[in-house]
Amino acid sequence: MAQPPIDKQGVLQALTSRFPGRTEQIEQLSAIVGDGRVAATPVVVHGGPSTGKTAVVREVFASLKVPCAHISCNEHRAAKALLLSVAAQFKGRKRGHWDSGSGESRSEQVSDVLWQLPGLAPPHMPAHYIILDHAHRLASLPVLQILMRLRELTGANIGIVLLSHLAGGSGFLQHGSHNCPPAVEIAFPDYTDNQLVQILALSAPLDEVPAQDKGPMLAAYHAFLLSVVLPLVARSSRRVEDLHAVAQKMWPAYLRPVREGSAQVSERGRLHAAVRPLMQAYSQAANTDAFSGTSGSAAGPSSRSGSTLDLELPYCAKWLLLAAYVASRNRPSVDRRLFDPEHRGRRRKGQHVHDRQVETATEAAMQGPHAFPLERLLSIFWHLMRAEAEQQLSPAAELAAEVFGQIASLTCLRLLVQVSPEALEDAKYRCNVSEDLARTVARNVRFPLESYLLYT
Amino acid sequence: MEPEEASQAEKATTAFSVVRDVPSKLTARVQKATASAVKLPAPDSSSVRADGIMLQAFPPVVDGEGRAHRAARMAACDDTWSAFSAQAQASLQSSSRAALRSVCRFVRDQHCARTKRRCQAAPDLLQKLIPTAVAIAGGVSAADHSSTFGDLVKMLQAEGCYAALLRPRDLQHRSGSLAGALQRVLRQFSGAADAGGCDMRALKGWYTEQLETRPVNTAAPPTTPGKRKARSAADQLSSPLDKLGLTSPTGRRTRQTGASPLASPMGKLQDLIHVFSEGQGELPVTVVLGMATCLAMLDQMLPAPSRSLLHTQPFRLMQAVERMEELVSSVLLGSKPPALMWGPGLLSWAHKQSLLHDCTPASLLHCMQVAAIGHFQAQPLSSLAAAAMQGPEAIHQVCSTLDAAVVQHAHAELCGSRALMNHPGGASGGGQGARKSPRGADRGTGRGGREPSRKSAAQSKDKLGRERGEVADAVAEAMTAWSAWAATCHLLNAAAKAFGSSSVLDTFALRTLYFEAASPSFLDDSREALQTMAEDIERIASPHKLTDTVPQLLDAIARPWHGKQSLAQEAAALQAILAEAQTLKDAPSTSTDAQPSIPGSSSDDHHAQPQAAAQNSQAAPRRHLAGPNARAQAIQSSVQAAREAHLAKVAQLRQQREAGAAAAVPVQKLARKLAAIVEQAAFDHLATHPTTLPGAKALCCEMGPSERQALTFAPRYSVHAALAKPHLYMGNCDQQKGAGIHAGLEDACIAYQLFLEYGESIDVADWFAGFCQVYGRSIIAPAEAAEEASAPGKGAPASRGRRGPRGSRKVFQAGTSGTAEKAAAPSQSTPQKRQRGRPRKDSQVAVAPQAQAASTHIAAGNDSSVPAEGAVVPEEQDNAPRVPMQELATRFTQATRELQLLGLLRPSKRGRRHGNFAQKLVFQSGGLPWEGQG
């Protein structure tokens, strides 16, 4: 049965109104698809995060009823899984096959799937498209070259659309090489403030507002977005979801004077004054989850102050952590001065030396922790444990026997980070512990940490 | 068949003997499997035999103890520990329930919000954020939370959610994709074990089916396996929920030695987050991440693009210390009768070990289990523990049925202990404030130790009955003393919570009291904290504070078993204080809170109030370390000045103020009385631990040396000690101590002790040479051996430095090129290999053994009978049988394999060009790199 012809202009208008600021890109995509008879050359759609790439491409293809397979490269990177998913989508399998999907796929080979494609998208039929989201993740894999040359290799009427935050010219496609045909690029630039306001206004919370009040309320929402949300958030994030989350939090407070009857919708000064405390709180905790809901610093309720350690660690692990902290802050040349009782190094005195030490300490703090070999960590740990054992008679030998297990645990907890690939031979670690946590641990085990940090 | 073949076949059949006969009846496993379907027959001889075997673990402790009594001990062991363990497990499981309920609430709220958002037809790009609950365990004791997320999934399923649990191993799919994880999620969502789809499309397809088949407002419960429970009203209004419980790689004690063990799960976790974020519009998912450290670590683990997709909300699970506090409060000092008591030695040792090594309540419970088993095996009266669960009355009943021998033995012990306790300087361990003579203690004293006279049968029966009664009384008395002790612990803890500062609260935390108040010196150590708390109580200036807090103290007293009866006097005194405080509070003129508000005159804020400052100065003499008089006078004068200024400022309220000040006098009296009660209770009931009472022997589990040997908190150290000092492990300390490395040791011990002599890596061929020397064989070139023997300090490889210097001792080339077998093999091809390097004289071959023997004698300190520790002692060359080199190689290989299996070494990649090396996985206190450099 022949499909009714598509009103292309109507579709484009609908899409343009749905995606403000993307008119040009929608028209470009529509032109590339054309009448859908012959697959176009590869298309690279690139732009930053939250610029509407995926949504626009999907909607354009869906509205123009172009058969396509949408693949997320976050999910599939292996050639077989990727091609199987493409074939399944071209076969028209909808979402009901969750209970019988793997039987045949298990038996098929990559080449079998590849040679099925001409049958699924023959040259005399309308073109099929493969939309690869996050295509840059396939950059170093041969499957990308295969997909780019799929039409040439198999003769199938298949086009490919790559979505990525990298432009095609950035190198991930290897343009100009014999493996990769030239591609058309469509850029999705960041939204302007007005475009952001238009997008956010599409989801304005006006469901409960009477029809006659919707106009003024929408104008107030526009003003709210322009005067409150964008100045507050757009400096740190221009993602639509971040702006939307903040707008949802603040809109009720902005509208409270209207609900209480103390102000009209048009009195924007009063409404702005009502939301000002929330804005100040947001500015103070700009990155906390309480407002943005996305970017988190957030020690959350698990952080405590003082000497109470919120992180429960075995006794041995605490000393290991301290040893790692000392090793990551001190230079190796300092160790001998700290731990060798027979060391008689020449000590320079004077104001100049003190200034230099302060300067070095500042520099070390800015550089952050440096990596240290496992041997050095164990040596420092053993010296600390020996001193501890002399003071408190703790079973140092027993504790030290577990040291490798504790290092593995600390690495697992990300308090230590292994920076060299090999676990034991020439292993290097970096201490991921903040200064506050290190001081808290030191207080917990009554260890004078300050006297072991020498920046010379 | 040819005759030769037949004979060979016959030989083959006779070469093997049947190890195990074909069973003539059902095995235990089959019986267990068919027990539900087939009615079990009466206990046959096999079950009786099994009981007998189990009973062997409970040997007779007293002469004449019958089998029935032993069986009673065995049953009591089972019953009491089962009851105790069930209580403890219930307490530990309930500890995280509040946090899990919060997580469930968060999940439900997120779903409701998203349902609303879907109704508003928001654009897809607004649905990228994944609501994420981060459950933070706060430490490496996250092993305690092994079942936490399973419980969470069950809880979510019970609330009508689709929930799935992912563990780190689910993210490690060999194909490098998310197929395994997604398939597992789909299987758990759908409840179908054969759900074939393994991608996001399948998951979305399943969800679409659910939405199509189930109308939104009449959503049926999910099809996930598990019990369906009534759902809340909020869920009834919504569509089927989809939630995903996902545990991230937590601080489980994994010991992965592979390269970047966390890299692949982390990468997969990022992919999973991106995939779920992309599918939020069609398949809304809430993620619950389990973390061991803190939320800030999530930033370290996940890159910003992935992290920014998570809308996180932290939830804190209960930490090990809090779980321990809960365990002590509800179980160890709980409302059940103390059928099992735990001795001070056990408590201090277990507490120390758990803090040092594991930090989990599970290790404490394990200690207790071992101690309990030992107690029931060794204590004849332990059968009373089962009756103690019912209370003292049941003990009297059970005592009347005990064996006469057991009763007489227990009574004799009881009398002996009492005599010891009453003796000055006895074993009461009370220190100061020794406890008063227990009630009824005089009944049994003075009669112990007497031989039972041969009187008439009636008299002996009477005597036995009297002894039974005394034994039962003693046990009941110990239980009562325990109750008073526990109630006092609760009282101190409640008082510290109500009045004390943070330092006082640390001292009187319930777990601290439980583990440390058993020590005789506890009252001495905590005297200062007790005094501080008493001063804090005396500063109370408001009857409101008293009426608020005294009921808490009364509740605390009533919390343990029979607490109210044991501390009846204290409870009565507290009731009286409460009544008086209530009277003061109800009187309108005397109520400080009823006064008109004066700036800075909050009744509780004693720091800001001059009146409270005056009280402070009154309480100051209590401190023995108070400052000099001048300072006290200065404080007094400043307080007076402040008071005058304050009164001048509020002159219009002077009368009411004076009335309030007058009313504070009775409050102070009450506060002093309260402080005295708390202090006196501590000195009365904490001075002596209840387990030191004679009757507590029936219930008290203590940790003896044998039980301590059964437990090891540092398993790697135990392995090290068993291999390095086998005489300690084998129990023949006197014979083997200081014997060094000799051929009488196990091969693994020899190999390990030689291994310890080297640095972080060891050349296998060098190691094997040392191994052979222990057996009097040498694979070293004789000429070189002679050279080395003549050189001082280089007698044996065992006496070398940390790292065997390559080149200082040359072994055969074949030995350095491969395994020990290869090292052993070239003993025949010595001449060819010897051509490399310096020219050698053949005449030194014969000299080598003597020279080597001489060097070992030097190392042994010229004392052939007692060789020096660490020296290599070869067998007597003449008398000892020569072990073939091939056999030595095989044994050495087996020993190294065993060491490798124990995780003490691993093959090293270092120096592969020069031979095989083994790397040490045992930490050695080798010191710093510059040590040994002179």
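This is a predicted model: local features need pLDDT of at least 70, side-chain atom pairs count only at pLDDT 80 or more; totals for chains, interfaces and linings use all residues.

Reply: Residues are numbered from 1 along each chain as its sequence is written, chains are lettered from A and ligands numbered from 1 in the order in which they are written, and side-chain values use heavy atoms, with hydrogens and water left out.

Me: How many helices and strands does chain A have, and how many does chain B have?

Reply: Helices (H or I, at least four residues) and strands (E, at least two) are DSSP runs, numbered from the N terminus. Chain A contains 19 helices and eight strands; chain B contains 41 helices and 12 strands.

Me: What share of the residues in each chain is buried?

Reply: Buried means under 20% relative accessible area, exposed over 50%, and partly exposed in between (1.4 Å probe, protein chains only). In chain A, 50% of the 456 residues are buried, and in chain B the figure is 49% of 934.

Me: Which way do the residues of strand 3 of chain A point?

Reply: In a regular strand, side chains alternate between the two faces of the sheet. In strand 3 of chain A, His128(A), Ile130(A) and Leu132(A) point one way, while Tyr129(A), Ile131(A) and Asp133(A) point the other way. Strand 3 spans residues 128-133, and six of its six residues are buried.

Me: Which strands pair with strand 3 of chain A?

Reply: Two strands pair if DSSP finds at least two bridges between them. Strand 2 (residues 68-72) of chain A runs parallel to strand 3, joined by five bridges, with Cys68(A) opposite Tyr129(A). Strand 4 (residues 158-164) of chain A also pairs with strand 3 in the parallel sense, over five bridges; here Ile131(A) stands opposite Val161(A).

Me: Why does Ala371(B) count as buried, and what does Ala371(B) touch?

Reply: Ala371(B) counts as buried because its relative accessibility is 0%. Ala371(B) lies in helix 15 (residues 361-378) of chain B. A contact means heavy atoms within 4.5 Å. Leaving aside residues up to four places away in sequence, Ala371(B) touches Leu346(B), Cys701(B), Glu702(B) and Glu707(B). Cys701(B) is 330 residues from Ala371(B) along the chain, yet their C-alpha atoms are separated by 5.6 Å.
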